Amino acid sequence: MDSDSLRYSLDLVSGCGLTLSCEQRAALQTSLLILKRNYKFSRVLFWGKILGLRSDYFIAHGITEDEMRNRKTLYSFNCVDWHLLPPVTEAQLAEVSLLKEHFKGDPSYEYEHTETRGLDEGDEAVVEEITVKMTEETRLAATVFNIDREVSVVPRGAFIKTPSGRVQVNRCFEGLSESEARKLSSYLHFSEPQHLKKKTILETADLNPSIDFLDNLSEDTPKGSWSLQFERGSISVLRSLLWLGLTFFHVPMTPQHGYIYMGDGMKNHYLPFML
Amino acid sequence: MDTSEEVHYNERDLAAKSFKAFLLKSSSKTNLNLYDHLAQLLTKVMDESPEDVVETFEDMSQEVKRAGLQNTQSTLRDTTPISTATVLAEQQRALFSRKAGEDPAHEEYLVKTPLPNVPELAFYLEQAGVGLGEEEMHRVFLALKELVDTQPLQRCRFWGKILGSESNYFVAEGEFQEGGGEEDETAEEEARKSEHRVDDLEAVAEHTVNLLQKSADKSMPVVPMEDKGTGANKYTYFVCREPGMPWVRLPSVTPAQIIAARQICKFFTGRLDAPIASSPPFPGNEANYLRAQIARISASTQVSPLGFYQFAEEEGEEDEETPRYSLEENPDFEGIPVSEMAESLSTWVHHVPHILEQGRCVWVDLAEKPEELVEEEEGDEDREDEPDKPEAEVGPPLLTPVSEDAEINKTPSWTAKMSSTLVSQFAIAVLRSNLWPGAYSFAFKKKFENIYVGWGLKFTGEGYNPPAPPPTQQAYPSGPEIMEDLEVGLKEKQGVKSTLEERRAVEEEESEEAEGEEEEEEED
């Protein structure tokens, strides 16, 4: 969610129950501007809040030239002092899904999780113990990256890809129409596309390469992992049931949209049981 | 050679140019030419990208032609389609109108109304980082006012919001005045009657089955529902989809529903009549599941500062074993400093009774059989097989501090903190539940409040494992007492056959004799 329109956007997202207090909003407005100048970001987005047992983490994204690549993630406890999060490796991303405890609120806390897996090697069943050791800071970075990769949402047409491959904001985006906003296929994931390359040429004939360079939400499995509602009649709100706490809003016929994550940072692995 | 290619090129070029000139020739009837028309038509196809273009090509061509001739003054006016937003706005407009007969200067407003002060609640909750947005809370406030005006409620509270996959529920908690709340009694009486009916049917069935064989499977007696106004059914809950839409009353909760709700984990859809397809099967639809979850959340997460409530003094002897349930506000409550409330969890206490394993707040002994069924008891053998009288289930008594709650994965199930560290004089203490994500409480001097905004699901720690289906029922074991012994049967049959034959032979002889006598008589 753009730092410029934070006050107004928070009101639209607050249907999920969590908002920021007035003091936090005021602090964010000042500190994000300073952050923008210090790191020379072109845009700063307030990503959301991850609740921890002792204290909560406030996360922000900084964007330089390309909207999708080279995003920097920063965290803070009091919305004033920001710290940079380290980039994550693929192995860490996989390990983080094994941790099922709450975030503690202390970035130097070390998680140790042992999982026993049975491997069949011929006739013997060998039990292998895998120990995962991770600091909370790494877990935070990995969680933010996972959430972005799996459930970040933008409306179709809000971002365009230039022929050079750069992704940028579409200044001619006027918003989805009322009927388009009711369809899940008008929303796209804002991350590297997984399904797009597997599409047949027939399917890609309908797509516009400058707008449709991202995966569609309607291709998510399991179906029903998104809750699309029209709150207060006209605001389209998408909530993810896979990562409980991610809320996306869009006001049809206007270019306003944004998403925010406010929750405990744990994936809902048991979604199929709950649908 | 170049020249011949050039000549070819020139010829082709010339042919193309002349064809283009041909296309550009205006028609004699209208002022159109084919070149422009084709250009417009192909531009239209590019812009719109319709399906099956080749089929509709001719129609599109006609449309393009017609578009050029359209008369801008149309006698028909477009009706603006009514969007859902305007429909909702119409309904919510009723919230803002003052009803006839209400006079702002009327003295009624000086009397204590059951309506809660929602804007104040919204202000404190916003400091805690919880909230639904200013305008939304105000709409909730007006909707609660409407509820209080239509129902005879003694107390009313905004309980919270439960999110669903298709739409959400705004929940209000109400306590009826004495004698009020008669509407749903018929439904409750029916529920109770159906329980009794089941018992009667059981009695009849047992009577008939008694003749055949002993039933080894005793059906579980149904745990009776708690009365309205006590225990888990102390408060009545109303839900609506959006503030402004009519409030729907939720039915009372039965212990069977609570027990089933503990075993399943399902999202709400937003429709009260949606069926719950789960394993084990849930007795009821979404309205019952919602009510059961609300009961569980209230029992686990409604807290108040220590000392706000005290046990009401009752006259007469009190048995030490029976837990006390009546609370009243403590008039001498001074308020606990916010820093203390934010640091220690023992300053917060539960003020809603805990729901036992049985699904009720007050334990009921099912081993005592009512008199009707005693007659159907099958012999003394069964009585010996009965287990010892089950021990009464005891839960933590009312007003236990929150610090005594069970931990999940070695983390406390509550987190307390102050809302602001910069200005601590005016900060409030906030308590957040880790067991039911979305349950928040705040306290500031003498004020406190609880609210729940979430999906209505408990945090399961390691994860949700659906319970295994029950084992298949055993067929009656086959043993010698029920199997037909073929040898014995054969002998018996042969024995019967021989006696029958003897009897028949005797009868024939007698009839022959009788006939013989008659013949003799006739001869005489």
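This is a predicted model: local features need pLDDT of at least 70, side-chain atom pairs count only at pLDDT 80 or more; totals for chains, interfaces and linings use all residues.
1. What is the chain built from? Look for 7 helices and 14 strands in chain A. The radius of gyration of chain A is 20 Å, close to the 19 Å from the globule rule for 275 residues, so chain A is as compact as a globular protein of that length. If you like to picture a box, the C-alpha atoms fill one of roughly 60 × 50 × 40 Å along the principal axes.

2. Contacts tell you how the chain folds back on itself. Take the contacts in chain A with a separation of 6 or more: 59% of them come from residues 24 or more positions apart.

3. Next, have a look at the open sheet of 8 strands in chain A, which has mixed pairing. Its order is β4-β3-β2-β1-β14-β13-β12-β11. The edge strands are β4 (83–84) and β11 (226–231) of chain A, and each pairs on one side only.

4. Stay with β11(A) for a moment. Its partner is strand β12 (residues 235–240) of chain A; the two run antiparallel and are joined by 6 bridges.

5. Last, the charges. Chain A has 30 positive and 38 negative charges, and their mean positions are 7 Å apart.

Technical notes
Residues are numbered from 1 along each chain as its sequence is written. Chains are lettered from A and ligands numbered from 1 in the order in which they are written. Side-chain values use heavy atoms; hydrogens and water are left out. Helices (H or I, at least four residues) and strands (E, at least two) are DSSP runs, numbered from the N terminus. The radius of gyration is taken over C-alpha atoms; the globule rule is 2.2 Å times the number of residues to the power 0.38. Contact means heavy atoms within 4.5 Å. Lys and Arg count as positive and Asp and Glu as negative; His and the chain ends are not counted. The place of a charge is taken as NZ of Lys, CZ of Arg, CG of Asp or CD of Glu. Two strands pair if DSSP finds at least two bridges between them.
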